[in-house]
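Let's take a walk through a protein model together.

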Amino acid sequence: MIKIDNLRMMYRSGTEQVVAVDDVSLEIKQGQFFTLLGPSGCGKTTTLRCVAGLETPDSGEIGVGNDVVFSSSRHINVPPFRRNIGMVFQSYAIWPHMSVFDNVAFPLLHATPRPSRKQILERVLQALSLVQLVGLEDRPAPYLSGGQQQRLALARALVGEPSVLLLDEPLSNLDAKLREEMRVELRDLVKRLNVTTLFVTHEQIEALAMSDVVAVMQKGKIVQAGTPLEIYTQPQGLFVAEFIGRTNLIRGRVSDRMPSGSAGVVPVETPIATLMCRSLSPASANGSAIVAVRPEDIRLAKPDGSDGAGNTVNGQVERLSFLGETVDCFVRVGESSLMLRLHPSMAPEAGAGISLFLPPESCLVLPDPDGQAAAGAARHGR
Amino acid sequence: MLAVVLVVAFVIMAHLAVILWLSFTDGAPGADALRYGFANYTEVFTDSRTIDVLLNTLGFSVVSLVVALFFGVPAAWLVERTDFRGKTAIFTLMTIGLLIPGFATAMGWLFLLHPRIGLLNVWLIQTFQLSGAPFNIATVLGMGWVQGLNLAPLSFIMTAAVFRSMDPTLEEAAQMNRANLFSTLRRVTMPLAWPGIMAASIYIFTIGFAAFDVPAIIGWGNRIFTFSTFLYLLVNPQDVLPRYGVAAALSTVVMVLAALLSWWYVRMQRQSRRFAVVGGRAYRPKLVPLGGWLATAWAYFAVYFILSKLVPILLLGWASLLPFFQLPSARALSFVSLGHYFSLPWDLALRGIGNTAILMILVPTVTLLISVAFSWIVLRSKIPGRSAFDFIAFLPHAVPNVIFGIGALLLTLYVLQQALPIYGTIWILLIVFTIARISYGTRMTNSGLIQIHPELEESAQMSGARTLSSMRRILLPLLTPTLLYAWLWVALMTYRELTLAVILTSSGNITFPVVIWSLWLGGGLGQASALAMVMLFLMVPITAVYWMVARRQGLLTN
């Protein structure tokens with residue numbers, strides 16, 4: 001397990017001080033796969049490197065397993081080589097002057113107490129078999145493919161049976177196809193070994209597909225942590241909604257005529273229509289708000305009107321973008337543009353008039369950080 | 001490791017500090033009290049002799065720069081940007097050309113163009129019944145010519161690097177936009193290469209300014225002094241007492257000049273890097289076809305190598321075989337013998353060779369150990385103020401070597417004295433030679449270390465290895481090719497080092513080049529030539545090893 005309390009770290013670049021990690025606290029349970037997700041420069045890698053001991057934080061406390069490895073108040077700072085942590089680096093950091101065997105044996109040779117030669121041989125082979133590299137022991141490390149180097153880095157990180165495993169964007173150097181395979185393989189492996197894992201990535205797909213818990217970071221802070229499903233379906237703010245998946249964002253104002261409808265549902269007046277929306281926090285009436293709705297949640301309205309009168313808008317198809325498994329459809333509604341994702345067989349013609357249904361349970365009200373009401377055009381998140 | 005770096009940085013600074021300190025004093029070493037004042041500076045700035053020296057030095061360095069650029073820059077362009085074949089051969093010859101000691105070629109040129117004994121002069125006078133010698137090498141112009149020929153390989157190597165790092169697509173874009181070859185060269189290539197060539201020029205000018213070998217061999221006997229030889233005269237005069245204070249003041253003045261030049265150099269280099277392609281080049285640029293100009297290109301290279309290497313070495317060899325120097329003729333041939341080789345003071349020469357051999361092992365080893373420590377502290381550690389160490393390691397490059405020689409001399413005479421009696425031992429040479437090579441060493445280890453991803457060391461730490469163990473198991477093995485190459489280069493530079501040795505040498509720590517120099521100074525031109533030929537001959541096997549290592553590293557090809 002890993003426990004981080006009130007971690008802070010500043011960088012000094014010239015005369016300026018940049019806060020890299022700003023009061024981060026988190027707890028990772030034994031065997032959990034925990035992901036730090038965020039854009040570059042958000043502090044996720046710095047946090048990971050603080051856990052590794054490769055960076056020295058300014059304040060806070062870090063516990064790994066049952067030991068406190070860093071504490072500013074108690075003046076504890078265990079050097080990285082005594083923390084018993086396995087780490088896979090972004091560049092893999094495979095030592096090019098050694099064979100595959102020597103790379104994996106390295107952590108064992110520096111372990112205390114040092115295992116016997118026979119034990120080293122056994123454990124290296126065991127680690128290599130975990131990552132399916134048996135038979136390549138004598139090969140010089142530079143003669144491995146990218147995927148093999150990645151497996152080798154994993155074997156080296158695991159061979160010492162570390163209490164936790166740190167993964168620093170380990171998949172970012174692989175090509176798309178291989179990355180997809182390694183996602184599954186990597187998660188299966190660490191789950192099978194029941195290793196506590198801290199994973200850092202800027203790829204939302206990796207975070208969603210692999211993690212037990214995802215923590216989204218922005219400007220050195222954790223803005224939201226939860227299961228992948230929670231993060232995707234219940235973003236608590238604009239940043240998370242925009243950063244993960246694609247989202248239509250429509251600025252509006254929470255209506256003062258609160259309906260007598262079901263709890264947690266509020267009407268929001270937007271330039272395209274008054275939309276019934278789901279609210280995760282009590283929305284103040286008449287406050288400005290942003291409605292977020294995922295492209296795959298928007299449907300074509302049923303021609304018989306059985307969707308009900310509300311949350312239906314009419315528009316014109318502006319542009320289609322064929323992606324293979326789906327078609328992205330950009331629809332102009334008044335001054336705004338909505339994007340929806342349809343099965344290719346459902347795709348309308350460009351220029352056609354179209355009627356869309358925005359299911360209330362999929363329309364999420366988010367607080368408007370700018371606080372200005374109903375400025376107009378909808379925006380597409382990424 | 002930090003301790004090593006701190007001590008070395010302190011020693012480097014001490015050399016310069018002692019010069020600054022003594023430039024304000026008057027008095028011999030061991031005197032009871034030193035008198036302070038500006039008398040030395042007054043003398044430097046008012047004495048017509050020092051003014052002459054500075055003017056000579058200026059003229060000498062400008063001429064050598066012009067000659068070096070004339071033979072270096074077009075050569076670099078031909079090798080990097082045209083379809084000229086035999087690029088590897090040119091690179092090899094140029095690199096080896098850098099290793100041939102400057103005093104050897106200077107001797108050769110003296111035998112060719114000395115007004116009285118110069119072979120060409122004598123022949124012209126006899127053939128055309130001239131009243132006087134048409135050429136005189138013992139002038140500022142002549143010395144600059146010889147020094148320029150010696151420095152041309154440096155300007156070649158530096159500008160070749162500039163041409164290589166330029167983005168070839170910029171030139172191609174110019175051609176796609178209707179510029180012909182000449183206007184591309186004029187409007188795109190040259191402006192882009194300009195800061196790099198400028199930086200190389202400042203660098204070469206600085207080396208010319210501080211050069212000792214050529215002015216010593218050619219100018220000394222004719223009382224034409226440049227800065228380095230004049231300093232040597234001040235601390236090592238034949239008839240009066242050494243003028244240490246004046247030497248220190250002159251050194252300080254030149255240090256200021258050198259600081260300005262390095263500041264300019266660093267600025268130019270930074271500008272040049274802005275134009276460089278970052279990362280590897282994806283494809284080879286289109287090469288300019290030479291067509292009918294190919295023969296001209298070959299002739300140009302041939303002229304350079306004949307003038308800079310072949311002629312002087314042939315003359316040196318000819319002089320070494322004759323009892324007294326004369327024109328080649330049937331009569332002269334009958335005098336040819338190995339007499340000089342047998343009559344050499346071999347016990348002195350062997351002592352010099354022995355000392356040089358010891359230094360050739362120790363200097364590169366110590367230099368590179370220190371350089372690795374410096375680079376690691378500067379590039380890998382997080383010690384506050386670490387970049388100051390990089391600056392200090394750069395100082396021996398910025399400040400002319402001869403000043404460090406003077407600094408070491410003054411340190412041993414005024415400060416260390418009896419406490420640490422290293423004057424006249426091989427250790428003082430080891431220290432100063434090492435300091436002089438630290439700039440080169442750290443540049444090499446810096447670029448080696450930059451190419452090694454920090455994560456390779458971090459992953460060793462995560463695998464349980466302590467800092468020193470990860471250095472030994474990861475860093476040093478990965479640095480080995482760089483270190484081997486740099487070791488050989490420093491060893492070869494130590495082999496030919498005359499400037500520093502001549503200032504600090506005495507009978508106990510005499511080195512190989514100094515033996516040649518003292519023979520020359522004593523008028524034994526034939527013997528000096530013979531020993532210089534021996535020196536060149538002994539260089540061949542080490543140069544061959546160097547060549548093999550450099551070729552394996554891909555440093556002799558483009």
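How many aromatic pairs does a search of the whole structure find over all chains? The search turns up 33 aromatic pairs. Keep in mind that you're looking at a predicted model.

Start with one of these pairs, B:Phe24 and B:Tyr41. A pair of aromatic rings is described by the distance of the centres and the angle of the planes. Here the centres are 5.3 Å apart and the planes are 40 degrees apart, so the pair counts as tilted, the class between 30 and 60 degrees. Buried or exposed? With a relative accessible area of 14%, B:Tyr41 is buried, whereas B:Phe24, at 28%, is partly exposed.

Stay in that area for a moment and look at B:Asn40, which belongs to helix H2 (residues 39–46) of chain B. B:Asn40 has 5% relative accessibility, and it counts as buried because that is under 20%. What is it touching? Leaving aside neighbours within four places in sequence, the contacts of B:Asn40 include B:Phe24, along with B:Leu22, B:Ser23 and B:Thr25, and also B:Gly245, B:Val246 and B:Ala249.

Another tilted pair is B:Phe205 with B:Phe209, at 6.1 Å centre to centre and 40 degrees between the planes. Elsewhere, ring pairs join up into a cluster whose members include B:Trp109, B:Trp145 and B:Trp298.

Over all chains, the structure holds 19 salt bridges. In chain A, go to A:Asp212, which forms a salt bridge with A:Arg187, the closest N and O atoms being 3.3 Å apart. A:Arg187 lies in helix H5 (residues 176–193) and A:Asp212 in the loop between helix H6 (204–210) and strand E10 (213–218), so this pair ties together parts that are 25 residues apart in sequence. A:Asp212 also meets A:Lys191 in a salt bridge, at 2.5 Å from N to O. A:Lys191 is in helix H5 of chain A too, 21 residues away from A:Asp212. A:Asp212 is partly exposed at 22%, and A:Lys191 is partly exposed at 31%.

Over in chain B, B:Glu457 and B:Arg380 form a salt bridge at 2.5 Å. B:Glu457 is in helix H20 (residues 454–462) and B:Arg380 in the loop between helix H16 (346–379) and helix H17 (387–398), so the pair ties together parts that are 77 residues apart in sequence. Here B:Glu457 is buried at 6% relative accessibility, and B:Arg380 is buried at 18%.

Finally, look at where the two chains meet. In all, 25 residues of chain A are in contact with 19 residues of chain B. Together the chains bury about 1,900 Å², 60% of it on carbon and sulfur atoms. How many salt bridges cross the interface of chain A and chain B? The rule finds 2. In one salt bridge, A:Arg49 pairs with B:Glu458 at 2.7 Å. These two residues also belong to a network of salt bridges with A:Glu55 and B:Lys382.

Definitions and conventions: Residues numbered from 1 in each chain as written. Chains lettered and ligands numbered in written order. Predicted model: local features only at pLDDT ≥ 70, side-chain atom pairs only at ≥ 80, totals over all residues. Heavy atoms only, no water. Contact = heavy atoms within 4.5 Å. Buried area = accessible area lost by both parts, 1.4 Å probe. Salt bridge = Lys/Arg side-chain N within 4 Å of Asp/Glu carboxyl O. Helix = DSSP H or I, 4+ residues; strand = E, 2+ residues; numbered from the N terminus. Buried < 20%, exposed > 50% of the residue type's maximum accessible area, 1.4 Å probe, protein only. Phe/Tyr/Trp six-rings, centres within 6.5 Å; stacked < 30°, edge-to-face > 60°.
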